[in-house]
Structure formats: structure tokens, C-alpha cells
Amino acid sequence: MATNIATAIQALFQAINEAIGHTLATPSVNGFASRALALCCVVTFFSSAKRGRCVHSGYIRSGVSMPPRLLRPTRAAFWCACAAILTPALIACGGSGGASAGTPSADSSKTSSNDSAASPVLTMPVSRFAVAQSDLGSDFIVDIPATLQLTAADYAKAPVFASAQEGQTLLKQWGYQGGYETGYTPEGREKAVLQGGFYSKFETHLFDDQDGAKKAFDRFATYLKATPGNQVQTAQPVGNTYAAFQRIEGKVPTSSVNAVYHYFLFRRGNLVSVVFTYGADGFMKIDTAREMAYMVDQKALGKANAVEPTPTSNYTPAATPKK
């Protein structure tokens, strides 16, 4: 029986060598303790590979898959087992084949059509047109402190204006009715970002008429274009007019992977909205921000339910110790 066990262990190590394309030293299997140790190594390897496959077949959010498998099936188990070590390397080559994680995996033809002529006159509350947590899925946490109803006095302080006084003056001229700001954090934070997840932030603003919205759009687009590092991007259009930008700056925390920002600004009638995303370069493209802008536009056009959101979070803070 001992001989049978030794033979089985040697066969398993040979299978591993074939799977990874590399030769592991087959352990000595003389003695019960050595055989047991070798068997534990084999079990650990396949358990790790199984966990790796589970991670890579999961989702960051509904409709957005994790990184596609880039390697032949015979070697996939080994790379999955090493995923935690090699994540930066996989990111570096992730954009070379298939859809990158963090970009829409749905059929693009379903979100590529755009009616550039429709110009509805929308009414408050503007928050009902924003992207809600239910639009993204439960793998995102609402950034409640950053979820705000905006007045002209609030938004006048934004850096798009030279001063709060200028902001107040221009917003009044444009017929600013109000705005809404919210954001979402991926479950897992930076760890999720290194696997294709992303942070997002949304601003949605309403004006008395489309003339005021046009002026606001032009000011916002000019500001984004003039921001150092921002590069103009081409994307499928959304709304009556749009502008898209990308900026690569800094690193994703705890990694050597470049961080990338995308901005998608559009106008529909008297509404102006901007989507910001933050993720890992190699995964993120402008398509993700564009897809979420399209969600806002569909609500503005009355083609999707526009419901005033109730901010919620699936994050439960630790209890405060009693004094």
C-alpha cells in the first residue's frame, strides 16, 4: 500500500509539472512522514488553484467580469493559484485580448444608439436622474458623506469657477435650479481596483432651459480640457453633446500599477451630468464612464425608471465601545 501511495504522489507531481510548464522537484516519498508532507503539498496546490478559479470567475459588479483568462487552459490553474502575487503583471497585459475588466461586458450595440436631437425640459428633483446603487449592483458601497443635494451657493465653490463669487454670478445667469452629487466605492477598495473594480462619482445638474445648460456644459468641458494631464477621448456619443477625458496619475495604493481617471460629461436638454471613474490602468477605459452616463441619459429621456434615491450602504461600521 505504501508503494501505491508513493507512486500516486509522484504521478500527481508529474501532472503539476505538465500544468505549469515547469519542473518541480518530486519529493522523496520514503517514510510515512515524507509521504504525508508531499500529499499535503499536492492538496494545497489544487485547493489554491480552485480558489483562484472562483475569484476569476466572479464579478466586480453586475455585467462587469473579472479579468479574462489570458493563458491556455492547461496552465490556468497555476496562474490562478499565483494570482495574488502576479496581479500587477496581469494588469499590465490585460488590455491585449478581450474585454478588460471594469469595462461594460454587455453587448455594446444595446447602449451605442443615441438620439442627439431630443431635448426634453426636465424638472426637479434632479437626483432621480442619477445613477443609483441598484443600477450598479450590490458590490458597490454608497459614499454617503459624498451624497449631497447641491444649491447654487454650494456649487459656486467648485474649482470650475475662479471664485465663489464668480460661481454664484454664472450659475444665476445660467438659471441653475440645483444639483445632486453621489459616489460609489467598490467592495474591497484598492484590492478590488487591482482586479478590475473602480471608484465612481456622479454630478447631475438642472437648469431652467437648454441655453443655460449649454453654457454650463461649455464651461465644464473647457475646464476639464485645460486640466493638466487630461487627454481628450473618443467614445460613443451620449446626449445632445458630450466630452470625454482620461488622465493617468499616480499609482493604485500598495502597488506599482498606474491609476487612471476618466471623465464623461454630457448634456441632455436642460440637464448636464458628469461621470468620474478611478481605476487601474490596463483595466479601465472610457467605456465604463460612458456606460454609466448612458444610464443617466436613459432616465432623462424617460426610457428608464427615474426614481429619487434613498442613499443606503451595505457597510456596517464597527460598534463604538461604551465608556
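Of the 15 residues of helix α10, 14 are buried (under 20% relative accessible area, against over 50% for exposed and in between for partly exposed, with a 1.4 Å probe and protein chains only), so α10 is largely enclosed by the rest of the structure. This is a predicted model, in which local features need pLDDT of at least 70, side-chain atom pairs count only at pLDDT 80 or more, and totals for chains, interfaces and linings use all residues. Residues are numbered from 1 along each chain as its sequence is written, and side-chain values use heavy atoms, with hydrogens and water left out. Helices (H or I, at least four residues) and strands (E, at least two) are DSSP runs, numbered from the N terminus.

**Helix α10**

- The end C-alpha atoms of α10 are 21 Å apart, which agrees with the 21 Å that its 15 residues should span at 1.5 Å a residue; the expected span is 1.5 Å times one less than the number of residues.
- After α10 comes Gly 302, which has a positive phi, near 80°.

**Salt bridges**

- Across the whole structure, a search finds five salt bridges, each a side-chain nitrogen of Lys or Arg within 4 Å of a carboxyl oxygen of Asp or Glu.
- One of them joins Arg 268 and Asp 297, at 2.7 Å from N to O. Arg 268 sits in strand β9 (residues 258–268) and Asp 297 in helix α10 (residues 286–300), so this pair ties together parts that are 29 residues apart in sequence.
- Arg 268 is buried, at a relative accessible area of 0%, and Asp 297 is buried, also at 0%.
- Another pairs Arg 219 with Glu 166, whose closest N and O atoms are 2.9 Å apart. With Arg 219 in helix α9 (residues 210–226) and Glu 166 in helix α7 (residues 164–174), the two tie together parts that are 53 residues apart in sequence.
- Both partners are partly exposed: Arg 219 has a relative accessible area of 25%, and Glu 166 has 26%.
- Lys 201 and Glu 181 also meet through their side chains in a salt bridge, 3.5 Å from N to O. Here strand β6 (residues 199–207) holds Lys 201 and strand β5 (residues 176–186) holds Glu 181, so distant parts of the chain, 20 residues apart, are linked.
- Lys 201 counts as partly exposed at 34% relative accessibility, whereas Glu 181 counts as buried at 12%.

**Thr 185 in strand β5**

- Thr 185 has its place in strand β5 and is buried, with a relative accessible area of 13%.
- Leaving aside residues up to four places away in sequence, Thr 185 touches Asp 139, Phe 140, Ile 141 and Tyr 199; contact means heavy atoms within 4.5 Å.

**The second largest pocket**

- The second largest pocket holds about 310 Å³ of space. A pocket is an open set of points on a 1 Å grid over the protein atoms alone, where a 1.4 Å probe fits, with protein on both sides within 12 Å along at least five of seven lines. The volume is the space filled by probe spheres set on the points, which are joined across faces, edges and corners.
- Its lining has 19 residues, and the closest to the pocket centre are Tyr 155, Pro 159, Glu 203, Tyr 223 and Phe 276; lining residues have an atom within 4 Å of a point.
- Two or more lining residues come from each of α6 (152–155), β6, α9, β9 and β10 (271–280), and α9 gives the largest share, three residues.
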